[in-house]
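Here are some exercises to work through with the model open beside you. Try each task before you read its solution.

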Amino acid sequence: MTVFIIRRLLQSFFVLVAMTVIVFVAVYAIGNPVDILIAPDATQAERTAAIARLGLDQPLHQQYISFVGNLLQGDVGRSFVFNVPAFTLVLSRLPATLELALFALSLSILIGIPLGLWAGLKPQSIAGHSIMVGSIFGFSLPNFWQGLMLILLFAVLLGWLPSGGRGEPGEFLGMQSTLFSLDGWSHLILPSINLALFKTALIIRLTRASVLEAIQLDFVKFARAKGLREGRIVGVHILKVIMIPVITIIGLEFGTLIAFAVVTETVFAWPGIGKLIIDSIFVLDRPVIVSYLIVIVLTFITINLIVDVLYSVFDPRVRLQDLGA
Amino acid sequence: MRSRLLMASAFVVSFAAAPAAAEDLTIALASEPTSVDPHYHNLTPNNALTRHIFEPLIKQDENQSLEPGLATEWGVTDDPLVWEFKLREDVTFHDGTPFTAEDVAFTIERAPDVPNSPSSFSLYINDISEVEIVDDHTVRFHTEEPVPLMANNLSTIAIISKKNAEGASTEDFNSGEATVGTGPYQFASYTPGEEVEMEAYDGYWGDEPQWDSLTFRPITSASARVAGLLSGDIDVVEAVPTNDVASLEENEDVSIWQGISNRVIYIHLDSDREVTPQITAKDGSEIENPLRDSRVRKALSLALDRESIVEDVMEGIAIPAGQLLPEGFFGVSEDIEVPEYQPERAKELLAEAGYEDGFKMTVHGPAGRYINDEQVLQAAAQMWSRIGIETEVETIPVSVYFGRASDLEFSVMLVGWGAGSGEASSPLRALLATYEPDAGFGATNRGRYSNEEMDSLLKEALVTVDNDKRQDLLAEATEIAMEDVGLIPVHFQVNTWGTRDGLKYIPRTDEYTLGTSVRPTD
């Protein structure tokens, strides 16, 4: 298992290096951030000075080398736009996105798995059909439109919930988070429903398909023949088998929830990293783009690692080793 | 008729001083300020935000006319190279320290030289060679040559406190430590991406602040801003999208406020190169650049149906333009009419220039930088196609567009210009003066238009201190450039603010959204 983890980390390191090179070349090819940031009536001298201040007067390979040099000392550089350390900026926005992603993920698991089980166990019932039809809506309605409709219904027409923004954080065991305050929850509900809808639909369908498959298996029939309670058959035996694909997807989807909450964050003015990255791409704020991607790549690597370890917990046949090794 | 109406609404000046109500105001911004350091980034959202906390020596009112700020009197001394400013005496910073000439000298020293600034204020201060402190409340600025725009330039510079900001970095401002000004509101908190909070300053020298606290929240999505206003979470929103205006006007819970801006949307033409990249004969073969001929440029201008662009594309929320600034601004010519739509005359002009069969061109514009920019360009392209110029449109994301435009990759391009100084020398100097980057002329002249007569009038105006004379020189320079069609003005943007019922917003030509411009209706 140790070898497996070391190998994984080594691979991740190459992914990180490749990523920084791609970002550097791509952002460089798109254009010069100073053209976007500078006042249009600035003189050529002022423009040259601004380019020099941001270190963009150096040739690209030179910029990359000094970037790597600073990176080895733990410094990703300062945001061109906000003039604060880029990594700090990304990390300061991460809690907001994590709250949103965790909340949305919990929602989609708590709703998705029971509904999926139901639809799988009783595929021909009215409820089973309704759940499947409902999940089609979850898939096919555009995310931003869902968001706007949620705002229209719950914020504008009913006035129950705020239309956007993040609530005041509360404190619990020394941790600051809007998960610990009522105001925080009221702000979280709409965006996390918006973010969770698609994932819920996905989990429903996946759970249902796995259940339909598992129910045919010999050990289930055997369990039934043995006279086990239905609750135990479903709750222990079937659930355990279907968890493998569900965990894989949940793991992957948690990564995408964090990385691609962009639409939700924009519609609900949620101050997370998704919104930050979009704004940064528009103004070619390279240090922020790089920091963001480092955080995201590390997140994906960690999640995949956790997912792999969870496999071996749920299915003892899975051994954590590289087939090639 | 419509334009008169809008102008009238923009020019409402006097309001009865209402009693201070114990109220908080939440304002949604369309784009996020990048800092609360007033000198870090010369950018409209930053300048507007910091204007609550800090004040310049001279303020610009809602029509960008100058009015006393921290200086009560100013003018050129007998020596035309020296400006003298008398400072207000009863002013204190938010920490209680009195405001003096020392703070002015310190500000002039710091403003052009903030580390890592992506766009500094040096262009407004470079002319000052020496700051002389005469006494605590008198300061003199020495220059190398006459600078008639000194007052306009200094109206962009926020005065900071020497005691609190000496050696301070942008981060010290963002944390609030150095964010100590003289303005009606004082810094409370700044959370990037989330909100900026301010509280009323009791010791303000002017009218008592209207609101107990101001909260600014960046909400970049237009529909989210409107939803916030409708749900009552937000009191004031800026940049209401044109297609929402009609429905919001019918809604009793919100009010819409509009005012003309200093931003002209114009078409720049490559009038310099012999062969220009995106213009060919109809069969695709290379031809000499037709835009060097002023008759062709004029034809393009006359082929534009500005009324129709304003009515159909902008839904009436814009004003057709015939020059670089709307009427009422300093340096505007009263003799220039908005060019009438004359497609037949345009065709004649093309024929006179030897292009009776037209030619083929691709025009470029930004995607989403200005109100309805893509649609405006599409409409213009159709109008040009009607006079026989086969026109294709290509719109490009903003992050790429301006860089490519400045690299002269385009032949015909749609751009906008807001005159920060609030007078005509700003667009003339940047857009139409012959390209001389080191001298600061033609910095944004992406068509490389050049006209010696206009240049010399402009240069004369820039050193003419006498206001009436300068007004005439600028007007004349504008007339020459417009007659020669150095660029094609299309329309002036009209900005729209939305407030909840019971509030009014006094529109500003500089597009600033200020808490101090929000009043209760009574």
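Axes are lines fitted to C-alpha atoms, for helices over the stretch in contact, and angles run from 0 to 180 degrees between N-to-C directions. Helices (H or I, at least four residues) are DSSP runs, numbered from the N terminus. This is a predicted model, in which local features need pLDDT of at least 70, side-chain atom pairs count only at pLDDT 80 or more, and totals for chains, interfaces and linings use all residues. Residues are numbered from 1 along each chain as its sequence is written, while chains are lettered from A and ligands numbered from 1 in the order in which they are written.

**Exercise 1.** Find the angle at which helix 5 and helix 13 of chain A pack.

*Step 1.* Locate helix 5 (residues 86-121) and helix 13 (residues 286-314) of chain A; their axes are 8 Å apart, at an angle of about 55°.

*Step 2.* The two helices of chain A, helix 5 and helix 13, are therefore oblique to each other (under 35 degrees is roughly parallel, over 145 roughly antiparallel, 65 to 115 roughly perpendicular, the rest oblique).

*Step 3.* Now look at the contact (C-beta atoms, placed from the backbone, within 7 Å): helix 5 of chain A brings A:A86, A:F87, A:L89, A:V90 and A:L94, and helix 13 of chain A brings A:P287, A:V288, A:S291, A:Y292 and A:V295.

**Exercise 2.** Work out how many residues each domain of chain A puts into the contact between domain 1 and domain 2.

*Step 1.* An automatic or database domain assignment gives domain 1 (2-72) and domain 2 (95-324) of chain A.

*Step 2.* Domain 1 of chain A supplies 16 residues and domain 2 of chain A supplies 14 residues.

*Step 3.* On the domain 1 side, helix 1 of chain A gives the largest share, twelve residues.

How values were computed. Two residues are in contact if their C-beta atoms, placed from the backbone, lie within 7 Å.
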